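Reader: I would like to go through this model with you, one topic at a time. Could you show it to me?

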Amino acid sequence: MNTSDLLRRKKSEDKLKTSDFYYELPQELIAQHPAEPRDSSRLLVYDRKTGKIEHRIFRDITDYLSSDDVLVMNNTKVIPARIYGTGRKTGCRVEFLLHKRLDLNEWKVLCKPARKARTGDIFDFGEHMTCEVIDAGEMGERTVRFDYVGSFESTLDKVGQMPLPPYIHEKLKDGSRYQTVYAKESGSCAAPTAGLHFTPELLEKIRAGGTETIEVLLHVGLGTFRPVQSENIEDHKMHSEHWEITEDAAKCLNVAKKAGKRIICVGTTSVRVLESAVQDDGTFAPSHGETEIFIYPPYKFKAVDALITNFHLPESTLLMLVSAFCGREQTLAVYREAVEKRYRFFSFGDACLFL
């Protein structure tokens, strides 16, 4: 084997695999219900420079914030995106998960079982809504056109359910607990869960301490939570998700960056907005678009200085993003510590602050 072949082989061996982001998690640590009150969840604080870990309560986050910080939050709102339809021809009951709006009446959806939703099939959702499958994609994805009485949003409120992840088996008594207290713009099929820990009172205290808060938008879709199915992570393709930065948000971010303030993202979705929108000179402009950004090691962050996030699934794109921010080995060490200390994991679980 010549030198060039050896270099190519070494480069291939150095590539990270999906299995490099696996960790052992006892099932009983998967949170089945949110903490009450919201800010009573636990908070693991990790300093990337010193490697120091602290164990706190989420409301203690004010101890780590100051007037030199800007908190960036995703103000997307979860819609009741899980609906069940009955096929007119077959009589089969099929689950539809709405994940991306294409226009006024057309959506990208995930169907289960997908084999029961073929192009041309029509489904009824009670008396006031129907849909026709107009295109079939891969892995259960379909494009459907809805017909309904009244407004789409009001009809969806009647027939839809909050799209809780499959690892949550307990019924959610209060649907608002799967929304952040600052949710405004409807369009997500999953919550930006790092924001679930904030209360209006905590946000007021944070602002009173001089920390500025900025809202951006990313509608959470398949790109955030679909599992990585390829062993080589570079072969994984993210689904696109819609994002927006307003004129006010861009101005505040630019002023903060110029003043040398620390940009702290609430959740991986806020990270993906900023890293998608930041320009070559490090500034932001009012803008919107679709992002397929996939952040994994080694990735050089251009806009984010600190991160608040939950504990994510093994081998997930979200864990890969955190690993790019903190280092893979350091992230897995933090997760081992969290398992040992019996933190609660995933959407309704506890939080991390990575400084």
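This is a predicted model: local features need pLDDT of at least 70, side-chain atom pairs count only at pLDDT 80 or more; totals for chains, interfaces and linings use all residues.

Reader: Which residue in S10 is the bridge partner of Glu106?

Author: Strand S7 covers residues 106–112, and five bridges join S7 to the antiparallel strand S10, residues 141–148. For Glu106, the partner in S10 is Arg145.

Reader: How many disulfides does a search of the whole structure find?

Author: A disulfide needs two cysteine sulfur atoms within 2.5 Å. For Cys92, the nearest cysteine sulfur belongs to Cys111 and is 12 Å away. Cys326 has its closest cysteine sulfur in Cys352, but at 8.4 Å that is too far for a bond. The count for the whole structure is zero.

Reader: Is Cys326 buried or exposed?

Author: Buried means under 20% relative accessible area. Cys326 has 9% relative accessibility, so Cys326 counts as buried.

Reader: Which element gives the largest share of the lining of the second largest pocket?

Author: This pocket has a volume of about 530 Å³. Of its 30 lining residues, those closest to the centre include His99, Lys100 and Trp107. Elements that give two or more residues include strand S6 (93–101), S7 and helix H2 (152–159). The largest share, four residues, comes from H2.

How values were computed
Residues are numbered from 1 along each chain as its sequence is written. Side-chain values use heavy atoms; hydrogens and water are left out. Two strands pair if DSSP finds at least two bridges between them. Buried means under 20% relative accessible area, exposed over 50%, partly exposed in between (1.4 Å probe, protein chains only). On a 1 Å grid over the protein atoms alone, a cavity is a set of points where a 1.4 Å probe fits but cannot get out, and a pocket is an open set with protein on both sides within 12 Å along at least five of seven lines; lining residues have an atom within 4 Å of a point. Grid points are joined across faces, edges and corners, and a volume is the space filled by probe spheres set on the points.
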